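Student: I have a two-chain model open and would like to walk through it with you. Could we begin with the terms and then look at the parts?

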Amino acid sequence: MIQETLNKIREEALKRINESKNSESLNEVRVAVLGKKGSLTAVLKGMKDVAAEERPKVGAMVNEVRSEIESLMENARVKLETLAMNARLENEKIDVTLPAKGIKMGHRHPNQIALEEMERIFTGLGYEVVEGPEVERDYYNFEALNIPADHPAKDEQDTFYINGDILLRTQTSGTQVHEMEKGRLPIRMISPGRVFRSDTVDATHSPCFHQVEGLLIDEEVSFSDLKGTLAEFAKELFGEDTKVKFRPHHFPFTEPSAEMDVSCFKCGGKGCRFCKGEGWIEILGCGMVHPHVLEMSKIDPLKYKGFAFGVGLERIALLKYEIDDMRLLYENDERFLEQF
Amino acid sequence: MNTSLNWIKALVPGLECSDREYMDRMTMTGTKVEGFSRLDKNLSKIVVGEILSIDRHPDANKLVVCQVNVGDKTVQIVTGADNMKAGDKVPVVLDGGKVAGGHDGGPLPEDGIEIKAGALRGVQSDGMMCSIEELGSSREVFPDAPESGLYILPSSAVPGEDAVELLGLHDTVFEYEITSNRVDCYSVLGIAREAAASFGHKFSQPVIRETGAEASESAADCIEIEIQDPDLCSRYVGRVVRNIKIEESPDWMKKRLRSSGIRPINNLVDITNYVMLEYGQPMHAYDLSAIAGNKIIVRRAKNGDFFTTLDGEERALDDNVLMICDGEKEVGIAGVMGGENSKIRDDVTDVLFEAATFNGPNIRKSAKRIGLRTDASGIFEKGLDPNNALLAMNRACELVEDLHCGTVLKGAVDVHGDLPEPRRIALEPDRINEFLGTDISKEEMLTYFDRIEVEFDEKSGDLICPTFRQDLVGFADIAEEVARFYGYDKIPTTLPRSGATGGKLSFKMLVEGIARDVAEFTGFSQAMTYSFESPKVFDKLLLPEDARERMAIQISNPLGEDFSIMRTTPLNGMLTSLGINYNRRNKNVKLYELGHIYLPEALPLTELPDERMQFTLGFYGEGDFFTMKGVIEEFLGRAGIKVRPQYDPESGRPYLHPGRQADILIEGQKVGYLGELHPLVCKNYEIGARTYIGVLDMPAIVDRSTFDRKFEGIARFPAVTRDISMVVPSQIMVGEIEAILKQRGGKLLESYDLFDVYEGDQIQKGFKSVAYNLTFRNKEKTLSDEEVNSTMKKILNGLNGLGIELRS
């Protein structure tokens with residue numbers, strides 16, 4: 001009798017589980033069968049009418065049916081959830097080629113990028129980065145660098161003057177003097193900064209631009225060390241295959257002086273439009289610090305020697321990033337800046 | 001400086017090299033060659049032709065048919081030129097040859113123009129007769145060429161011979177960049193000396209023949225010379241030539257002048273120009289009959305004087321300008337230009353030659369002030385060697401005799417003070433090798449010096465440097481001579497041996513790096529703008545007359561008003577850049593700049609100004625005041641400034657929106673400001689959108705920055721949160737509420753977050769609703785309700801004091 005009832009309940013439950021299309025209808029089955037007022041629960045409640053000796057047997061039968069139904073329901077639930085998830089995933093397909101949502105960072109100025117590159121190279125070689133004043137005294141910009149009053153170089157550089165004694169520095173070289181005057185030796189420093197010359201604005205000139213000055217002073221330093229250091233710098237900046245060439249030149253504050261060319265990084269030195277067919281591109285001026293310059297800064301030229309170099313930051317930026325007009329660097333057009 | 005290679009080769013026997021080799025070698029020894037041009041580039045099969053006959057073209061009015069003897073044959077050539085006659089000799093390019101350019105003298109085509117035989121209007125033409133422009137030259141250096149038409153060669157030219165050779169065009173002209181220390185290289189002799197040494201030859205100066213020795217009259221009989229300002233004129237040499245015959249110069253001289261870009265004029269003028277090229281010593285010739293009182297006086301002009309130079313212009317003078325005067329009047333501006341009153345005319349018979357040494361800087365300044373920079377002043381301003389003046393003078397007189405241009409009188413009138421002596425500098429081979437990082441023998445070094453006429457005194461070990469090498473002063477100069485002739489490229493490549501000091505950036509630079517990072521992460525791109533600007537910017541920024549910003553440093557020689565003062569505010573650069581972007585229709589532009597402003601202590605400037613780095617942010621488009629505020633606070637936090645900044649709305653900045661601006665304060669100290677740009681300023685900068693600005697004074701920030709971080713633990717005890725919603729009188733700013741929260745909340749109040757501000761229908765007029773979420777926590781233990789309640793009570797009491805009620 002009970003066996004029949006249980007079979008009926010089991011059949012009914014199985015049928016309904018199989019027919020369930022979602023977790024709600026599955027839940028209804030659970031309530032109808034296993035709930036407080038469910039059909040199987042009712043059987044258990046009817047146990048009091050069963051003879052005492054029959055009870056364990058009946059109880060076991062009920063539990064068997066119960067666990068079978070529970071396990072079938074669990075299987076059905078997992079199956080239904082999987083189906084539902086797959087349906088959702090199918091539904092949620094997107095066009096991955098739609099545009100990205102703009103997380104827009106700003107861009108660093110090409111001058112700054114070039115500068116940081118140089119700072120990285122030279123701090124790696126043990127150079128300290130120092131700064132000096134842009135509005136400067138004549139002494140530090142000229143006289144202490146072996147450019148006395150009436151020296152033609154003073155005219156060549158077309159200086160902006162504030163008055164007879166104070167001017168806008170035409171070169172970062174004055175920082176060398178400030179550094180030497182501190183009297184802390186040896187010195188390894190680079191000094192980036194803004195400089196000014198009375199040049200009218202055009203594609204290759206700006207009255208306001210940047211240089212990076214370098215200075216090394218120690219007891220044992222030679223011209224060959226200057227060559228080695230700058231060759232290393234050029235390789236770091238322009239690539240491992242970069243060759244350098246030093247040509248004699250003249251600067252009042254170094255002797256011997258040189259200009260350094262690097263092999264054209266576009267054509268590798270074969271000659272192209274970029275290097276005007278030369279295969280070489282002029283990059284910087286350098287030389288051994290003039291003994292007189294050391295003397296003026298109270299450094300004994302018999303004991304100490306040094307080398308110095310000066311790089312035009314814009315020149316590096318223009319070359320490295322192939323910018324064809326210097327004016328772009330100071331217009332700050334977003335469409336220009338965002339390319340860096 | 002342009003010089004013909006043929007001329008150099010004539011002075012350096014045995015010099016054999018290609019143009020390219022010459023350029024490279026000279027550059028690598030320090031005489032930088034900027035470039036060279038071959039004068040016979042694209043000239044081929046061009047010979048002397050003799051025109052035998054000229055007949056009309058049967059079918060063209062403007063053409064003629066010529067029979068031309070080209071040596072081995074006669075060819076027929078059709079031409080449109082009309083300046084020739086039968087018997088004239090002309091350059092002829094034969095069939096298959098090339099010329100350099102067209103007859104109009106326009107830019108020369110890279111590969112020249114090929115000439116082929118063919119028919120012109122039905123008549124056979126087997127070549128072309130050439131104008132000077134077709135030969136790649138110009139009337140500038142061939143003044144005898146016609147304005148248009150064929151170049152007529154001298155009647156002595158032989159048909160069939162190389163016409164290019166005849167014109168001196170088988171030559172290469174090199175352009176040098178001479179550095180300011182090498183005055184001696186502004187001369188052909190100087191370049192020749194360098195060329196000889198560069199190619200391993202020994203240079204010898206040409207010996208100048210004595211002139212005028214036989215003359216009965218001497219220069220001193222004709223002229224007296226007095227230098228009244230010896231500081232401006234260290235030497236004045238005068239010689240006299242009588243019986244002048246003005247003629248054309250010989251071909252060899254004309255060719256050399258032309259190759260240097262100088263137009264031949266007549267023998268007398270050409271000699272002075274030739275000597276200037278050869279010796280680097282400008283010369284001048286005066287008509288002796290125009291020199292009153294047979295006297296030359298060298299003295300300063302007087303303030304307010306005027307003088308007419310030989311180009312006919314009247315020039316204003318002052319007492320810094322050195323003049324050449326005769327017994328009565330000025331006859332020339334020393335070193336710059338002669339006077340109209342003593343100009344050489346074609347009927348001149350007697351001439352006074354001048355070769356002088358003037359103070360270089362003074363000549364440079366005079367030329368600048370008068371506004372007349374001449375070839376001569378350009379050379380004088382470099383500061384010449386007085387010893388060279390006499391050499392040049394004697395060379396000129398030698399040429400006068402060679403060219404049969406006149407009778408040179410005996411001797412010179414030579415006025416000077418102490419003349420420079422050769423300088424002795426010790427040759428220290430070991431020290432040089434240590435300095436250069438080389439291993440060059442003393443003997444090797446001596447060969448270099450021997451080639452450039454620097455002698456060696458074996459006994460003292462000194463080098464004896466000639467006075468034309470004014471740049472050789474001390475040890476380093478000697479080392480440089482060795483380095484450049486040894487070869488910079490042969491010097492080894494090493495790295496400094498000395499121990500490394502620690503390379504680093506300063507703290508200030510690191511804080512600036514944080515500013516850049518935060519700006520860029522929040523969407524701002526880096527701008528760079530000029531340090532100088534126009535004083536008009538103060539009006540554009542609506543600054544009142546007495547604004548501190550108007551106290552700006554003025555540049556005494558600016559490029560123009562727009563670049564005439566050093567900026568005292570970073571706004572103009574930023575706003576100009578935003579304006580450019582707006583004008584170019586760039587949307588949502590965000591820029592930042594790290595740059596100096598220049599604040600003078602007092603004007604006129606006696607002390608260097610305070611250069612203060614400003615971190616300036618500006619944008620238009622998406623975002624508002626609080627976007628800017630967020631960027632600033634993020635930066636301050638990253639820079640290690642923990643205290644919350646305060647905002648003072650009473651910042652009184654006329655260029656900002658009066659209701660949307662604030663000074664930024666940290667612990668009561670002003671460190672910057674932010675705000676929305678005033679609409680009038682937007683208009684002045686042509687920005688048609690709301691624009692926001694933030695400026696931080698970096699020195700003030702750097703002072704308060706730190707990279708020290710201490711871990712404070714992660715809270716172990718739970719927090720209690722309470723929301724309060726208030727009715728607040730409209731004029732009260734949330735900053736005031738927050739001040740109370742902070743003060744009354746004490747240690748237990750961990751944080752407070754504003755989550756609503758509302759003004760409108762639901763709220764009584766004159767009030768707004770403000771709601772905060774407060775978080776309380778005790779780091780030591782779990783908070784009790786009583787503790788929170790009592791703190792809340794304190795806060796509410798404080799708020800009541802401001803007339804704030806809890807919203808019911």
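Tutor: Gladly! Two residues are in contact if their C-beta atoms, placed from the backbone, lie within 7 Å. Helices (H or I, at least four residues) and strands (E, at least two) are DSSP runs, numbered from the N terminus. This is a predicted model, where local features need pLDDT of at least 70, side-chain atom pairs count only at pLDDT 80 or more, and totals for chains, interfaces and linings use all residues. Residues are numbered from 1 along each chain as its sequence is written, with chains lettered from A and ligands numbered from 1 in the order in which they are written.

Student: Which element of chain B gives the most to the side that touches chain A?

Tutor: In all, 78 residues of chain B are in contact with 73 residues of chain A. Helix 2, helix 8 and helix 14 of chain B are among the elements that each supply at least two residues to that side. The most, seven residues, comes from helix 13.

Student: In what order do the strands of the open sheet in chain B run?

Tutor: Strands pair if DSSP finds at least two bridges between them. Three bridges join strand 1 of chain B to strand 11 of chain B, and one of the bridge pairs is B:Thr3 with B:Phe174. Strand 1 and strand 2 of chain B each have a single partner strand, so they stand at the edges with one side lacking a neighbour in the sheet. The pairing is antiparallel and the order is 1-11-2.

Student: At roughly what angle do helix 14 and helix 17 of chain B cross?

Tutor: B:Ile514, B:Ala515 and B:Val518 in helix 14 of chain B meet B:Val631, B:Glu634, B:Phe635 and B:Arg638 in helix 17 of chain B. Axes are lines fitted to C-alpha atoms, for helices over the stretch in contact, and angles run from 0 to 180 degrees between N-to-C directions. The two axes come within 9 Å, and the crossing angle is roughly 145 degrees.
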